[in-house]
Amino acid sequence: MGRELLSIHIGQAGLSVGDSVWELYALEHGITPDGQMPSDDSVGVEDSGFNTFFSETSTGKHMPRAVFVDLEPTVADEKIRHG
């Protein structure tokens, strides 16, 4: 059984740090901004190490296991939605 980690980022500082962390995780694992991982030869296999931080969809797209929370929507709009 694979390990799973959920990151929770709260507030403006949490969103800023979380955005940077997930960008680095994606870069380290070779995941493109659209969630694809060209070097992934284990599509659908949950035992791969990067699946601790990312959830893989049935189409092979990798989504961060993260929750971003802020009462001020402009922070999320600037950092997360628009890159």
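Reader: Which residues form one aromatic cluster?
Author: In this predicted model, a search of the whole structure finds 3 aromatic pairs. One of them joins W22 and Y25, whose ring centres are 5.0 Å apart. The residues that form one aromatic cluster are W22, Y25, F53 and F54.

Reader: How are the rings of W22 and Y25 arranged, given centres 5.0 Å apart?
Author: W22 and Y25 are 3 residues apart in helix α1, which covers residues 11-29, so about one helical turn separates them. Planes over 60 degrees apart count as edge-to-face. Because the planes of W22 and Y25 stand at 90 degrees, this pair is edge-to-face.

Reader: Is Y25 buried, partly exposed or exposed?
Author: Buried means under 20% relative accessible area and exposed means over 50%, with partly exposed in between. Y25 has a relative accessible area of 22%, so Y25 is partly exposed.

Reader: How many residues apart in sequence are the parts that W22 and F54 tie together?
Author: The rings of W22 and F54 have their centres 5.4 Å apart with planes at 85 degrees, so this pair too is edge-to-face, and both residues are buried. W22 belongs to helix α1, whereas F54 belongs to strand β2, residues 54-56, so the pair ties together parts whose separation in sequence is 32 residues.

Reader: Which residues make up the largest nonpolar core?
Author: In soluble globular proteins, nonpolar side chains tend to be buried together. In this chain, F54 touches residues including W22, A26 and I31, when residues up to four places away in sequence are not counted. The largest nonpolar core has 5 residues in all, and they are W22, A26, I31, M37 and F54.

Reader: Which side chains meet in a salt bridge?
Author: Side chains of opposite charge can pair when their charged atoms come close. The structure holds 1 salt bridge, with a distance of 3.7 Å from N to O, and the side chains that meet in it are those of E4 and R65.

Reader: Which residues is G18 in contact with, leaving aside its neighbours within four places in sequence?
Author: G18 lies in helix α1 and counts as buried, because its relative accessibility is 0%. The C-alpha atoms of G18 and S7, which are 11 residues apart along the chain, are separated by 8.3 Å. Once neighbours within four places in sequence are left aside, the residues in contact with G18 are H9 and F68.

Reader: Where is H9 found, and is H9 buried or exposed?
Author: Leaving aside neighbours within four places in sequence, H9 is in contact with G14, L15, G18, W22, A66, V67, F68 and V69. H9 is found in strand β1, and because its relative accessibility is 11%, H9 counts as buried.

Reader: Which elements give two or more residues to the nonpolar patch?
Author: L6, I8, I10, V67 and V69 make a nonpolar surface patch of about 460 Å². The elements that give two or more residues to this patch are β1 (7-10) and β4 (66-69).

Reader: Does I10 count as buried or exposed?
Author: I10 has its place in strand β1 and is one of the residues that make the nonpolar surface patch. Because its relative accessibility is 61%, I10 counts as exposed.

Reader: What pattern does the chain follow when read along the sequence?
Author: Buried residues make up 28% of the 83 residues in the chain, and among contacts between residues at least 6 apart in sequence, 55% join residues at least 24 apart. The chain has 2 helices and 4 strands, and read along the sequence they follow the pattern β-α-β-β-β-α.

Definitions and conventions
Residues numbered from 1 in each chain as written. Predicted model: local features only at pLDDT ≥ 70, side-chain atom pairs only at ≥ 80, totals over all residues. Heavy atoms only, no water. Buried < 20%, exposed > 50% of the residue type's maximum accessible area, 1.4 Å probe, protein only. Contact = heavy atoms within 4.5 Å. Patch = residues over 30% accessible without salt bridge, like charges linked within 9 Å, V, L, I, M, F, W, Y side chains within 5 Å. Areas by Shrake-Rupley, 256 points an atom, 1.4 Å probe, with all protein chains shown as cover. Salt bridge = Lys/Arg side-chain N within 4 Å of Asp/Glu carboxyl O. Phe/Tyr/Trp six-rings, centres within 6.5 Å; stacked < 30°, edge-to-face > 60°. Core = buried A, V, L, I, M, F, W, Y, C linked by side-chain atoms within 4.5 Å.
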